[in-house]
Amino acid sequence: ATLARCLLGRRLEAQALLREGRARGAHETEDEDEDDGGRARMMRFSSARSSGAVAARAGGRATRLVTTCKESRIGKKPVVVGKSDVSLAGQTLTVKGPLGTLTREFPSEIALAWNDDKTAVTFTKTEETRKAKQLHGLCRTLGQNMVTGVTDGWEKKLSLIGVGYRAAMKGSKQLELQLGYIHPVVLDLPEGVKAEVDKSQTAITITGYDKEVVGNFAAIVRSKRPPEVYKGKGIRYFDEFVRMKEGKAGKK
């Protein structure tokens, strides 16, 4: 009786495996049919494309989708002259103001022109290319920075954090920094740039009419002792946030 039950169980297992194999084969057949149908659709699509291309070459009318990009929201704004004296000579823009004079030559992809009443300068693209679209907003911003610089000026503030860290002016053209080294760090001020140190000798204010020169010199000063992330010591911008690390806890 025990042998008969074992043989019956094996027979039932074999029948179940056979049914599972048949079901799997049916699914694979359906998948193959779907793949064949997809290949047929792709062949019909490619043949339709080729027939359309042949019709276009033969003189038939063919349609093409064209994507139009919006104009730069910054580039289309005019630069108001205000109190400054602006002169245009081709691609060269010269701006004079109470703080100084700036001159810049713009690329040929951007055209500079006066508006109707000559109170503002407009920047327009001379061609619809990717490079012209990239330069449109940039060139307008550079022109606005020139006008703002010669009338109001630009400013960068730096803070010195650390025991013994201090700054002082050495004459009117040099900035001396004590940053924990065995020697002081002396930096020459670029042309058109002024620096001021407060009474605490831990705050530096850099001003000038050229935004690029002011920002570059402030970055040079900061690079002499960048803020470290464990104690926060170093030179940082006035509004800069330094994310601090916890460091090692040590043995208790």
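Reader: How many residues does helix α2 have?

Author: Helices here are DSSP runs of H or I, at least four residues, numbered from the N terminus. From its first C-alpha to its last, α2 reaches 33 Å, close to the 32 Å expected at 1.5 Å a residue (that is, 1.5 Å times one less than the number of residues). The helix runs over residues 130-151, so to speak a count of 22 residues.

Reader: What am I looking at, and where is the kink in α2 centred?

Author: This is a predicted model, where local features need pLDDT of at least 70, side-chain atom pairs count only at pLDDT 80 or more, and totals for chains, interfaces and linings use all residues. Residues are numbered from 1 along each chain as its sequence is written, and side-chain values use heavy atoms, with hydrogens and water left out. The bend is the angle between axes fitted to the seven residues ending at a residue and the seven starting there. In α2 the kink is about 30 degrees, centred on His 136.

Reader: Which residue meets Lys 131 in a salt bridge?

Author: A salt bridge needs a side-chain nitrogen of Lys or Arg within 4 Å of a carboxyl oxygen of Asp or Glu. Lys 131's partner sits at 3.9 Å, N to O, and is Glu 109.

Reader: Is Glu 109 buried or exposed?

Author: Buried means under 20% relative accessible area, exposed over 50%, and partly exposed in between, using a 1.4 Å probe and protein chains only. Lys 131 has 47%, making it partly exposed. Glu 109, at 11%, counts as buried.

Key:
Helices (H or I, at least four residues) and strands (E, at least two) are DSSP runs, numbered from the N terminus.
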